[in-house]
Every structure is written in structure tokens, then in C-alpha cells.
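Thanks for coming. I will go through one model this morning, in two parts. Please have the structure open while I talk.

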Amino acid sequence: MINVAVLGYGVVGSGVVEVIKKNCSSISRRAGDDIAVKKILDIRDFDDAPDKELLTKNAEDVFGDESISIVVETIGGARIAYEFTKRALKLGKHVVTSNKELVATHGPELLRLARENGVNYLFEASVGGGIPIIRPLNQCLAANEIHGITGILNGTTNYILTQMKREGKDFSEALKGAQQNGYAEADPTADIEGHDACRKIAILSSIAYNEFVDYNNIYTEGITRITLADMQYAEVMDSAIKLVAMSEKKGDRIFARVSPAIVGKDHPLATVEDVFNAIVVKGDAIGDAMFYGRGAGKLPTASAVVADIIDIVKHIDNSVPNVWNVRETNNMVDINDTETGYFIRLKTRNREEAEKLVNRAFGRVTLVNPPNSGFADELAFITGKDKEKQLKLALESLKGTGSVREVAGVIRVLDE
Ligand code: HSE
């Protein structure tokens, strides 16, 4: 019998307990041993919880119990979760988590600690919810040189953007719906400002390029400035607007970015809707491989956590090798030195004059038709691909000119 403790009885933690109970016989068969939840640690009261008898507020009931060999950390954040994870690993307990913030912040240290203590620190559920992606990157695609990852890694923002596009809801109305459905983090800032997707692309990139990518070095822009007008233009361009997290390896340099992007309808990410996530991995041997599924929610995320538990039980006496190296030097390319195309909307006083200025500032651009007569004062266009710093300079040169009133929107165009 393998005893498990669950730290944090929130959405994911309670899902883990539910899945282990519901599928106990098939899980035991696959793992080669019986698995049971012995304790659930949470400081809150859960009077009506189905697992009431397992709940404790005393951490010693977990850490002082030698019969508990696997700890599931579903507390979230990088404070108490960090302390508990270190404590568990030092005591020789395996740790499984869905906590992307902790992995992205302290992953190198926690993996080292796990190795030193002969146990595992596994985090399949930290990226892509129920989608298997960490293990495929780390193991199944290990023969490849991976040179790029492009993904929709946040279910909440994808849900919001889908609602804006499909139902014509504005941003705040769509956010409310995401919160009511339990997709958004307690503080939705992490979702809508792109921080959640940033941590996830940092984790994936670290594994893919075998080099720790610090999320603090990743350019990150959220979806709060995307409007229904942008959505209408995207429709005209036969495209969708998505929050895209991407990274590329060029030589020994890495570039990563999180930002909204115009995604053409023929791109595989364009049709990924609602709370679904998708990740396209580019490898030199495999070409493109896409992983798709539910990126958020109780049971999909619990499914990935429980799969890690099963993996540990199957290989109970082995610890996994290190999944990334840590380099001291900054390996990240600055956003300004990377190339992209911009979709730009200008409010004009004189559309014809503005068009001349735009062509002078950007060289050749592709004009985008206004969605309807309500946009008669706007000039919208897609620039050619250029360094971000050049595009920003060109845009800056238009501001304050007589014919351009204001910049109404700038969105990158995805062309990978
Ligand atoms: N808030 C996250 C999302 C949960 O919406 O994707 C899963 O990490």
C-alpha cells in the first residue's frame, strides 16, 4: 500500500482525492500497488466535504507520518508551498504538483533537492492541465533537437477570447463568466496579464532546451487591451486573436514571448477554443507535433497529478534524472531584437494623409478593410516583418502628426 497526502484541498486537490477514489482499482492495477489518500492538509474548514475524516490542519500529521511516501502539493503560490515541498523532499517523500509558479520559480533547487534525497519532484499538471506535455517533451521527444514551442497555455484567457469572438461579450463580461465557471485563478491578474502562460512557457522551454529559462526574462503582455473592435478586424482578416506563448532556440540563444497575436485561420492554434489549450512543438526529427486538450479545470488537472503518482509508484526506487541545466549567463534575446509583424489600428483625422505617412514610416504595408462604416476614421494595416525596435520607432514617428489622432491598437501577427 502506498500512502499519499494531499496538501491543499482546493479545486485540484479535491479533484485528486476524487480521481484516486473513483478509479482506485484501475489505478492500482497500473501502478502495481494500492494507492490511498491518508491525509489531506488544509487550514480551512470543510464541514460537508466527502473526505472529512482525512482532513487535518496539523502539518505534523503529514510530515511526521513515515508511512506517507508521496505528497501532492496543490496549495499554489511560492511561499508555504515552497516550504512544504522542501520539507517533504528532505524527508525522502516524493512530491507531485500542479503548481507552475513554484516550478517556474524554484524548479532547479527543488529538482536538485529531490535528486539528493533519492526521490522525485514531478509536475506534469503544471502546464496544459490534463494534456500530457512535460513527459512527452522530457522523454518521448528526447531524440529531437527542439527549436520551437508555440502554444495556447491559458484556459481562462482562451475562454474569454472565445466568448468575445463568438458571443460578442466585452472583456469584463467574459472574465466574469470564466470566474463563475471556476477557470480563472483566485486572482485573475495572473491569467489576464499573461503571467500564468509566462510561467508555463518558461517550464516547457527549460525542458525543451535543457536549460533553465527564468520567467522573469520573458516579455509578457496580457489580453486586457483586446477589444470587440479588434475581434471584428480579426474576422475581416479571416483570423482569430489568441494569447500565444512561444519560444525559439537559435544557436545558443533563446527567445520567448507571451502576447496576444493575430492567428490566421489555417494555423492549428486558430481553432483551439474555450478552455482548451494546445501546444505545437517543433523538433528536427519529428517536425511539428501538436498536443491538445483541456488546459484547466478540476478533473483534467487531477488526471495529470494522479498520472505522476502512478509513475512514481511504478518506479518507486528510482529518481528521475535532472530535466534541465542552469546557466549563469543570460541566454535570452531581448524582445526588441526579435522580428515580428504588427497589426496596427490608427484613428485618423485625414485617412489619405495618414496612409501616405504609414507607407513612408513602415515601407510596404497591407491595408485591412474596416469591418463596417463605424470604422470610417480608422486606418488599419499589417506591417512587414521587422525587428520590434524598428517597428516601434516607425509607430512612434506617426504620433503627433496632424493626420493621426491616436494609436487604437497594436497586436502582433503570428507567422510561425
Ligand atoms: N488559470 C489557469 C488557466 C489554470 O486558466 O489555464 C490552469 O493552469
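**Sheet, helix and one asparagine**

Helix α1, residues 11-22, lies across β1, β2 and β4 (68-73), and runs at about 155° to β2. Keep in mind that this is a predicted model.

Now the sheet under discussion. What is the strand order? Reading across, the order is β3-β2-β1-β4-β5-β6. That makes six strands in an open sheet, with parallel pairing. At the edges are β3 (55-56) and β6 (121-122), each of which pairs on one side only.

Strand β1, residues 2-7, and strand β2, residues 35-41, are joined in the parallel sense over six bridges.

Asn-158 sits in helix α7, which covers residues 155-167. Is Asn-158 buried or exposed? Its relative accessibility is 1%, and buried means under 20%, so Asn-158 counts as buried.

What does Asn-158 touch, leaving aside its neighbours within four places in sequence? The contacts are Ile-152, Lys-242, Val-272, Glu-273, Asp-274 and Phe-276. With Val-272 there is a specific atom pair to look at: the side chain of Asn-158 reaches the backbone oxygen of Val-272 at 3.1 Å.

One last distance. Asn-158 and Ile-192 are separated by 34 residues in sequence, and their C-alpha atoms are 9.7 Å apart.

That is what I have; questions are welcome.

Definitions and conventions: Residues are numbered from 1 along each chain as its sequence is written. This is a predicted model: local features need pLDDT of at least 70, side-chain atom pairs count only at pLDDT 80 or more; totals for chains, interfaces and linings use all residues. Side-chain values use heavy atoms; hydrogens and water are left out. Helices (H or I, at least four residues) and strands (E, at least two) are DSSP runs, numbered from the N terminus. Buried means under 20% relative accessible area, exposed over 50%, partly exposed in between (1.4 Å probe, protein chains only). Contact means heavy atoms within 4.5 Å. A polar contact is a pair of N or O atoms within 3.5 Å; within protein, one must be able to donate a hydrogen and the other to accept it, and residues adjacent in sequence count only if both atoms are side-chain atoms. Two strands pair if DSSP finds at least two bridges between them. Axes are lines fitted to C-alpha atoms, for helices over the stretch in contact, and angles run from 0 to 180 degrees between N-to-C directions.
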